[in-house]
Amino acid sequence: MSAGVRSSSWTALRRSVVWEGLQDALEALGEGPLAVVDAGGGSGGLAVPLAELGHRVGVVDPSPDSLAALERRAAERGVGDRIVGRQGDLSTLPELVPSGSADVLLCHGVLEVIDDPARALAAAVAAIREGGMVSILAANRMGAVLARALAGHPDEALAALEDPAGRWGRNDRLARRFDRPALLRMVTEAGLEIETVHGIRIVLDLLPGSMADADPEVTDALARLERAASRQPVLGGVATQFHVLARRP
Ligand SMILES: C[S@@+](CC[C@H](N)C(=O)[O-])C[C@H]1O[C@@H](n2cnc3c(N)ncnc32)[C@H](O)[C@@H]1O
């Protein structure tokens, strides 16, 4: 358990497995600052910590409000010189980021909210250099089925299971969720080689946040459990999200 997770919030705990996997992948790419593009990076929840590690991060997001929040957050944390926010979207990324110029492309929480994710991802991959990495975090349909059922909404759980897009109802804020084979096929068809797939938030999203906030030992135990469970495909099958790390050959 890292000190960062121990001392921080439930949100940080929920992000810990992704953050650790991403840091390992970045370290494997070599020493020194990397050029990272965070597509749909929003207000910089990941971009700012990456800039704090010394990396140069370009955030491409369609939301002007998020980009303004990103600028404020980067300035507050003293990394404004290493982060550039640009208004745009995943499918038009090649117009903003020169082909082959990025070491790493992040696409977290985006494929489930946009039109035609397969086309957008395939277009965006051009931004990465050969040998560069893509980190994808995408919603898992089966996670929603379990979560809606345990929240006392079996009708919505069934809807998520039966809807081709994996949505549980009209108020669902996501446009779709992925089944593992379809997500991995999309990544491969974008021209990427898959390196790792982890299940993210397997038990955390089924528990009240107060559980971790109340007791640091419980927080530690939950982080260790999530890390170990993320590597088990059966448990990962009901995670809230999949974290896919893939390489451009
Ligand atoms: C759920 S948030 C994820 C934010 C951040 N990546 C994270 O993991 O915390 C989805 C983000 O995708 C952005 N977004 C929506 N449509 C997009 C598109 N077509 N291309 C890129 N980003 C998009 C939204 O503005 C928002 O910042």
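The mean positions of the protein's 26 positive and 33 negative charges lie 1 Å apart. The model is a predicted one.

User: What makes the protein as compact as a globular protein of its length?

Analyst: The protein holds 12 helices and seven strands. Its radius of gyration is 18 Å, and the globule rule gives 18 Å for 249 residues, so the protein is as compact as a globular protein of that length. Along the principal axes, the C-alpha atoms fill a box of roughly 45 × 40 × 35 Å.

User: How much of the protein counts as buried, and what cut-off decides it?

Analyst: Buried residues are 45% of the 249, where buried means under 20% relative accessible area. The accessible surface is about 11800 Å², and 52% of that belongs to carbon and sulfur atoms.

User: Why is the set around L90, L93, L111 and I136 called a nonpolar core?

Analyst: The name requires buried residues of the nonpolar kinds, joined through side-chain atoms within 4.5 Å. The largest such core has 32 residues, and L90, L93, L111 and I136 have the most contacts inside it. At least two of its residues come from each of β1 (35-39), β4 (102-108), α6 (117-124), β5 (128-139), α9 (180-189) and β7 (241-247). Leaving aside residues up to four places away in sequence, I136 touches C107, H108, L111, L121, V187, F242, H243 and V244. A second, separate core has 22 residues, among them L26, L50, V57 and I83. In soluble globular proteins, nonpolar side chains tend to be buried together.

User: Why is L53 called partly exposed?

Analyst: The relative accessible area of L53 is 44%. L53 sits in the loop between α3 (47-52) and β2 (56-61). Beyond residues up to four places away in sequence, L53 touches W19 and Q23.

User: What sets the phi of D116 and of R201 apart, and is each buried or partly exposed?

Analyst: D116, in the loop between β4 and α6, has a positive phi of about 50 degrees although it is not a glycine. Its relative accessible area is 39%, so D116 is partly exposed. R201 lies in the loop between β6 (193-200) and α10 (210-214). The phi of R201 is near 65 degrees, also a positive value in a residue other than glycine. With a relative accessible area of 16%, R201 falls under the 20% cut-off and is therefore buried.

How values were computed. Residues numbered from 1 in each chain as written. Predicted model: local features only at pLDDT ≥ 70, side-chain atom pairs only at ≥ 80, totals over all residues. Heavy atoms only, no water. Helix = DSSP H or I, 4+ residues; strand = E, 2+ residues; numbered from the N terminus. Rg over C-alpha atoms; globule rule 2.2 N^0.38 Å. Buried < 20%, exposed > 50% of the residue type's maximum accessible area, 1.4 Å probe, protein only. Areas by Shrake-Rupley, 256 points an atom, 1.4 Å probe, with all protein chains shown as cover. Lys, Arg positive; Asp, Glu negative; His and termini not counted. Charge placed at Lys NZ, Arg CZ, Asp CG, Glu CD. Contact = heavy atoms within 4.5 Å.
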